[in-house]
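Please look over the sequence and the model shown here before reading on. The report after it is written for a reader new to this structure.

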Amino acid sequence: MAIVALAGGVGAGKFLRGLVRAVPAHDVTVVVNTGDDRRFHGLHVSPDLDSVTYWLAGRADRDRGWGREGETFRATEELRAFGAADSWFGLGDLDLATHLHRTSLLDRGVPLSEATSHVAARFGIDARILPMTDDLVETRVEVAGQEGEPLDLHFQEYWVQRGAADQVKEVRFAGALAARPGPGVLEAIAAAGAVLICPSNPIASIDPILAVPGIREAVAARRDRVAGVSPIVGGAPLRGMADRLLPAAGVEVSAAGVAEHYAGLLGGWVIDHRDARLAGRVEGMGLRVAVTDTIMVDDAAAEALARVALRAALGR
Ligand code: FO1
């Protein structure tokens with residue numbers, strides 16, 4: 001059965017490792033956020049595409065979450081010594097090869113989707129990894145800076161350079177309205193036996209995907225086969241700083257709040273045991289609720305979670 005997963009960074013990476021143990025990897029299509037993409041030192045960096053690729057390849061750094069295991073940062077240290085403008089963003093030496101190769105393909109006119117397949121093939125990945133779009137969409141975060149001054153930041157400037165310390169006014173996806181879904185994205189969603197929303201940051205990772213015209217509608221049309229996994233456990237994100245962005249988008253920081261945010265898209269919703277008291281509220285939204293252990297301490301735990309999510313999508 002064909003499965004589509006909507007994915008962002010670390011939470012998605014861990015979950016997908018479990019999913020490809022639960023079903024054959026070649027049945028899985030991963031539609032990935034590219035709103036975080038940015039050029040650093042002239043190189044096109046796609047953090048979420050790379051996270052998904054490295055996690056599926058078993059090459060991700062499990063502790064750091066992003067980048068490759070066994071990484072060194074000598075080039076970045078050297079760039080910092082130069083005082084290079086973008087050197088607040090840590091690009092590992094192995095990771096740099098991915099960005100160099102991807103950028104050389106893009107600069108020759110190869111679309112991002114094709115460059116992504118190239119990178120995935122080099123890492124021996126059987127799942128299909130599709131960028132949400134080949135067009136430029138940029139997640140912008142409007143904040144009040146430390147002195148209250150209004151700033152319009154690229155997501156990575158907000159998240160990494162400034163440590164998500166600013167008060168967020170608005171998150172927007174610049175370019176999304178004019179973007180077209182990446183090749184194969186709508187077809188994969190339409191043909192999927194199940195569509196899964198990974199436990200990714202709803203605002204930074206999943207919303208940009210849904211903002212590409214046609215994708216939200218395609219997922220909503222499959223609603224009865226869609227399930228998501230809550231990235232919020234016990235009122236806080238498992239990792240990362242999703243709690244800084246959710247309130248700015250008017251979303252309650254809870255497993256039920258995120259389910260409400262995805263209203264109209266979900267048939268099923270998976271929450272953690274610690275949030276079992278919210279099950280009735282989520283059922284009240286007309287959703288099938290599964291309560292399980294959502295903490296992916298290892299691939300076996302992620303596989304168990306993926307199986308629960310698949311059952312929630314299929315209504316079994
Ligand atoms: N996150 C950081 O907190 N600091 C970094 O220096 C950093 C570098 C980096 C390089 C490549 C990459 O693929 C991801 C990287 N990330 C870094 C993670 C990334 O900024 C975000 O966590 C994702 O964009 C959110 O999904």
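## Basis of the model

This is a predicted model, in which local features need pLDDT of at least 70 and side-chain atom pairs count only at pLDDT 80 or more, while totals for chains, interfaces and linings use all residues. Residues are numbered from 1 along each chain as its sequence is written, and side-chain values use heavy atoms, with hydrogens and water left out.

## The ligand and its shell

The ligand is surrounded by 13 residues, and the closest are Asp36, Asp48, Phe89, Gly90 and Gln156. By type, the shell divides into seven nonpolar, three polar and three charged residues. Here Ala, Val, Leu, Ile, Met, Phe, Trp, Tyr, Cys and Pro count as nonpolar, Asp, Glu, Lys and Arg as charged, and the others, Gly among them, as polar.

A polar side-chain atom of Asp36 is 2.7 Å from a ligand oxygen, and an N or O atom in the side chain of Gln156 is 2.7 Å from a ligand oxygen. Gly90 takes part through its backbone, with an N or O atom 2.8 Å from an oxygen of the ligand. On its own the ligand has 540 Å² of accessible area, and the protein covers 83% of it (Shrake-Rupley method, 1.4 Å probe; for residues, only the protein chains shown count as cover). Two elements, α2 (47–56) and α6 (155–161), each give two or more residues to the shell. The largest share, four residues, comes from α6. Helices (H or I, at least four residues) and strands (E, at least two) are DSSP runs, numbered from the N terminus.

## Arg140

Arg140 sits in strand β6, residues 138–144. Its relative accessibility is 16%, so Arg140 counts as buried (buried is under 20% relative accessible area, exposed over 50%, partly exposed in between; 1.4 Å probe, protein chains only).

The side chains of Arg140 and Glu138 are joined by a polar contact of 2.7 Å. A polar contact is a pair of N or O atoms within 3.5 Å; within protein, one must be able to donate a hydrogen and the other to accept it, and residues adjacent in sequence count only if both atoms are side-chain atoms. Beyond its neighbours within four places in sequence, Arg140 is in contact (heavy atoms within 4.5 Å) with residues including Asp152, His154, Glu170 and Arg172.

## Aromatic pairs

The structure holds eight aromatic pairs. Rings of Phe, Tyr and Trp (its six-membered ring) pair if their centres lie within 6.5 Å; planes under 30 degrees apart count as stacked, over 60 as edge-to-face and the rest as tilted. Phe40 and Trp88 are edge-to-face, with 5.5 Å between centres and 75° between planes. Phe40 is in strand β3, Trp88 is in the loop between α3 and α4, and they are 48 residues apart. Both Phe40 and Trp88 are buried.

Tyr54 and Phe123 also form an edge-to-face pair, at 5.5 Å and 70°. This pair links helix α2 with the loop between α5 and β5, 69 residues apart. Tyr54 is buried because its relative accessibility is 1%. Ring pairs also link Phe40, Trp88 and Phe89 into a cluster.

## The start of the chain

Met1 lies in the segment before β1. Met1 and Ala194 are 193 residues apart in sequence, yet their C-alpha atoms are 8.0 Å apart in space.

Definitions and conventions:
Near = heavy atom within 4 Å.
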